[in-house]
Each structure stands twice: as structure tokens, then as C-alpha cells.
Amino acid sequence: MGQLNENDLVKIKDGVSFIPGASALVGPLNRIINWGRAGSIWPVTFGLACCAIEMMVAGSSTNDLDRFGIIFRASPRQADCLILAGTITKKMAPVIRRVYDQMPEPRYVLAMGSCACSGGLFDTYAVVQGGDNFLPVDVYIPGCPPRPEALIEGLITLQKKINQEQGRWSQLV
Amino acid sequence: MESTGIIPRLEVSYPDDVLHSYQYCGQDVVLTRKKHILDICSFIRDQCAMNHLMFLCAVDNSRRKEAIGKNEYERFEVVYQFYSMTTKHSIRIRAQVPDDDCSIESITSLWPGADCLERECFDLMGIHFSSHPDLRRILMPEDWKGHPLRKEYPLRGIGEWAGYETLKEKSLELRTFDYRSSQKGNE
Ligand code: SF4
């Protein structure tokens with residue numbers, strides 16, 4: 001066994017390196033976990049209105065969310081991100097909350113489109129005026145609907161946010 | 001589209017029920033009283049080959065002052081659009097429903113597909129369809145108060161729906177388990 005040289009390490013990102021041949025990562029646990037989480041955001045397949053169409057486009061080949069490690073999961077129990085893609089009606093809100101409550105920690109919420117951010121143009125009896133009334137929203141994406149590029153920007157913002165977390169892995173939530 | 005010839009036949013068969021009729025964009029329209037609507041519909045279906053119910057909806061006439069003054073219009077009307085698969089004709093029946101007796105006979109016995117359409121009319125406009133097999137709300141939550149498409153219903157609703165209030169309280173309670181709030185000691 002020779003000495004491990006600094007130059008033998010493959011740098012993955014700031015503070016996280018890979019040791020070739022040993023299948024091992026070196027770096028602070030915080031950074032490694034955040035790197036892993038940011039690189040595998042699995043949103044639950046869940047659309048609410050017209051914005052969901054744009055979310056599907058973001059997942060298809062032209063924009064290809066898979067290259068960010070973002071893979072839609074059909075069950076909230078396997079997912080760690082909820083994209084509020086569309087108009088949230090009051091009748092639907094308890095259902096959305098239930099989907100969120102079924103997701104294991106760590107979990108993140110993206111409000112996609114003006115409807116999910118603030119109710120949008122539907123300031124009416126039936127529509128929730130913003131998803132943050134009953135969910136902790138992490139990223140807001142404006143637009144009606146936001147283009148797939150905007151959704152990708154929102155997901156990259158979420159990745160940045162995840163990368164700044166401190167010790168979320170040690171929380172007994 | 002040429003006339004279907006149904007209007008004169010209706011006027012002969014139901015002289016007391018037909019209030020008024022006209023043609024619009026080549027389509028026959030008949031205003032009727034609500035009392036014998038089931039008979040009229042079955043006459044149209046069986047005698048006039050109008051075998052398809054395209055849609056059924058309700059109208060709130062309360063802002064049509066000039067129309068109500070004419071004595072033909074009531075506060076509400078239920079609009080039936082029928083189509084004939086064989087003759088490719090369509091006809092519209094507008095049955096007048098007064099405010100003080102806001103109910104009309106259900107046509108689910110003739111077209112089972114009217115079930116959901118009538119439930120929607122009941123839900124949003126508050127028109128009761130007697131002899132409907134299962135008249136529940138279809139779009140709004142079951143414990144919703146009021147009928148949102150009536151003209152007097154305010155855009156932002158009357159009060160808050162109890163289910164939504166419960167949800168907001170519950171989510172406030174669950175907020176203590178969020179990552180951010182439990183993180184404070186760590187900062
Ligand atoms: S923001 Fe616009 S596109 Fe998105 S759900 Fe609302 S109305 Fe539809």
C-alpha cells in the first residue's frame with residue numbers, strides 16, 4: 001500500500017473527493033450527504049392543473065430532468081420533493097397535505113407557477129391563495145405557466161439550498 | 001341548418017307549456033314551463049328522434065331585468081341541448097324554474113347520462129332535481145355552504161370552508177416538526 005497522494009483523489013465538488021479503486025468518498029459528512037441529496041432529488045409524480053403539462057415537458061427528452069438526477073417517483077413514500085404544479089383548490093388542499101405527510105424526511109416543496117405561489121389570477125372562493133398557507137414551501141417559481149427552463153432553474157435553486165444545509169442528517173425529526 | 005319542424009309539433013302537443021320559440025343561428029330554441037319537462041323530453045326523444053343529450057346546464061337570469069319583465073323568464077332556467085344522431089339536427093329546450101320553487105323533474109330516467117350533469121346544476125346553482133337517484137354535490141366539498149354560480153354569491157365566497165380551516169390549523173400544528181424550526185439550536 002502506497003501513500004495516498006492528494007493528486008490521486010478525484011475532486012467531485014468543493015470538499016468532496018473520490019478515491020479511485022477504493023470506492024470511497026472523503027470529505028465532511030455534511031458536504032457528502034448534501035451532495036448526494038442534491039444529486040438525487042426525486043419529485044413525486046403529482047400535477048394539479050395546466051402547470052403540470054409544463055412539468056411533464058421538463059421531464060421529457062428536450063429538457064431532460066434525468067441528467068440532474070431528478071427522477072419522478074409514483075409514490076410519495078419514495079419521493080423527497082413535492083412540486084405544486086398548478087392551481088390548488090380548497091377541496092384538493094387536504095389531499096396535497098396528505099401526500100406531503102406521507103413523504104419521508106428530508107422533503108422539499110416547490111411552488112410552481114403563480115397559482116401555487118399566490119393563487120394567481122384565481123382570487124376566488126374555491127382556490128387556496130398560495131401553497132404556503134398549509135405547506136412549508138422552499139422555492140417559488142413565478143410564471144403562468146413557468147417555462148420548463150424556469151422549473152429547472154427552480155430545481156437548481158433547490159439544489160443550492162440543499163447544499164447549504166447543516167446537519168440535517170442528524171436531526172431526529 | 002333548416003328547421004327541424006319540432007316546434008310546431010311541440011306547440012300542438014303541449015300548448016300550455018311552450019312559452020316562446022325562436023331560431024338562433026339556424027337552431028331551434030323552445031322556452032317551456034318546467035311542469036311537464038319529463039313528458040316534453042320523452043316526446044322529443046321518442047317521437048322526434050332526438051336521441052342524444054349533448055349537455056344540460058342551468059342559467060341564473062337574475063341580472064336579465066328586461067327579460068324577466070317579459071313574464072316569460074323566471075329566475076332560473078335549465079337548458080337542455082339535444083341532438084339527433086339520425087337526422088343530424090339539434091334543438092335546445094330552456095325550461096323556466098322560478099326562485100320560490102327551485103326544483104324540476106330529473107330526466108335521468110330518459111338519459112342516464114344526465115345524472116352527473118344534474119348533480120353539477122344542483123351543486124353550483126342550487127336547482128333540485130326531483131326523483132334524481134343520487135342528488136349530491138359533485139364539484140364542491142359535500143359540506144360546502146351555498147351555490148357558487150348564483151349571481152348573489154360573492155366571488156370570494158361566504159366565510160371559509162370548515163375543511164380548509166381544519167387543514168390550516170393542522171398544518172400550523174405540524175409546523176413544529178419542520179426542519180427549520182428544529183434547526184434553531186444548531187445555528
Ligand atoms: S400558474 Fe397559470 S399555467 Fe400554472 S396552473 Fe396557474 S393558470 Fe395554469
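Helices (H or I, at least four residues) and strands (E, at least two residues) are taken here as DSSP runs, numbered from the N terminus. These legends show a predicted model: local features need pLDDT of at least 70, side-chain atom pairs count only at pLDDT 80 or more, and totals for chains, interfaces and linings use all residues. Residues are numbered from 1 along each chain as its sequence is written, chains are lettered from A and ligands numbered from 1 in the order in which they are written, and side-chain values use heavy atoms, with hydrogens and water left out.

**View 1. Chain A as a whole, with five helices and six strands.**
Read from the N terminus, the elements of chain A follow the pattern β-β-β-α-α-β-α-β-α-β-α. Along the principal axes, the C-alpha atoms of chain A fill a box of roughly 70 × 40 × 25 Å.

**View 2. The antiparallel sheet of chain A, an open one with the strand order 1-2-3.**
Two strands count as paired if DSSP finds at least two bridges between them. Strand 1 (10-13) and strand 3 (24-26) of chain A are at the edges with a single partner strand each, so one side of each has no neighbour in the sheet. From one strand to the next, the twist averages 35°; for such angles, axes are lines fitted to C-alpha atoms, for helices over the stretch in contact, and values run from 0 to 180 degrees between N-to-C directions.

**View 3. The hairpin of strand 1 and strand 2 of chain A, with two residues between the strands.**
Three bridges hold the antiparallel pairing of strand 1 with strand 2 (residues 16-19) of chain A. Val10(A) has Phe18(A) as its bridge partner in strand 2, and Lys11(A) stands opposite Ser17(A) in that strand. Look also for Gly15(A) in this hairpin, where phi is positive, near 85°.

**View 4. The hairpin of strand 2 and strand 3 of chain A, with four residues between them.**
Strand 2 and strand 3 of chain A run antiparallel and are joined by three bridges. In the turn, Gly21(A) has a positive phi of about 85°.

**View 5. The parallel sheet of chain A, with three strands in the order 4-5-6.**
This sheet is open, and its edge strands are strand 4 (81-85) and strand 6 (139-141) of chain A, each pairing on one side only. The twist here averages 15° from one strand to the next. Strand 4 and strand 5 (residues 108-112) of chain A run parallel and share five bridges; in one of the pairs, Ala85(A) has Met112(A) of strand 5 as its partner.

**View 6. Helix 5 (residues 148-163) of chain A, lying across strand 4, strand 5 and strand 6.**
Contact means heavy atoms within 4.5 Å. Helix 5 runs at about 155° to strand 5 of chain A.

The peptide bond from Glu105(A) to Pro106(A) is cis, with omega near -5°, and Pro106(A) sits in the loop between helix 3 (93-102) and strand 5 of chain A. Another cis peptide bond, with omega about -10°, joins Cys144(A) and Pro145(A); Pro145(A) belongs to the loop between strand 6 and helix 5 of chain A. Asp64(A) is not a glycine, yet has a positive phi of about 55°. The loop that holds Asp64(A) lies between helix 2 (50-59) and strand 4 of chain A.

**View 7. The interface of chain A and chain B, with 25 residues from each chain.**
About 2,100 Å² is buried between the two chains, and carbon and sulfur atoms give 55% of that; buried area is the accessible area (1.4 Å probe) that two parts lose on being put together, summed over both. The rule finds two salt bridges across the interface, a salt bridge being a side-chain nitrogen of Lys or Arg within 4 Å of a carboxyl oxygen of Asp or Glu. One salt bridge has the side chains of Asp123(A) and Arg156(B) meeting at 2.6 Å, N to O. The side of chain A that touches chain B divides into 11 nonpolar, five polar and nine charged residues.

Key:
Ala, Val, Leu, Ile, Met, Phe, Trp, Tyr, Cys and Pro count as nonpolar, Asp, Glu, Lys and Arg as charged, and the others, Gly among them, as polar.
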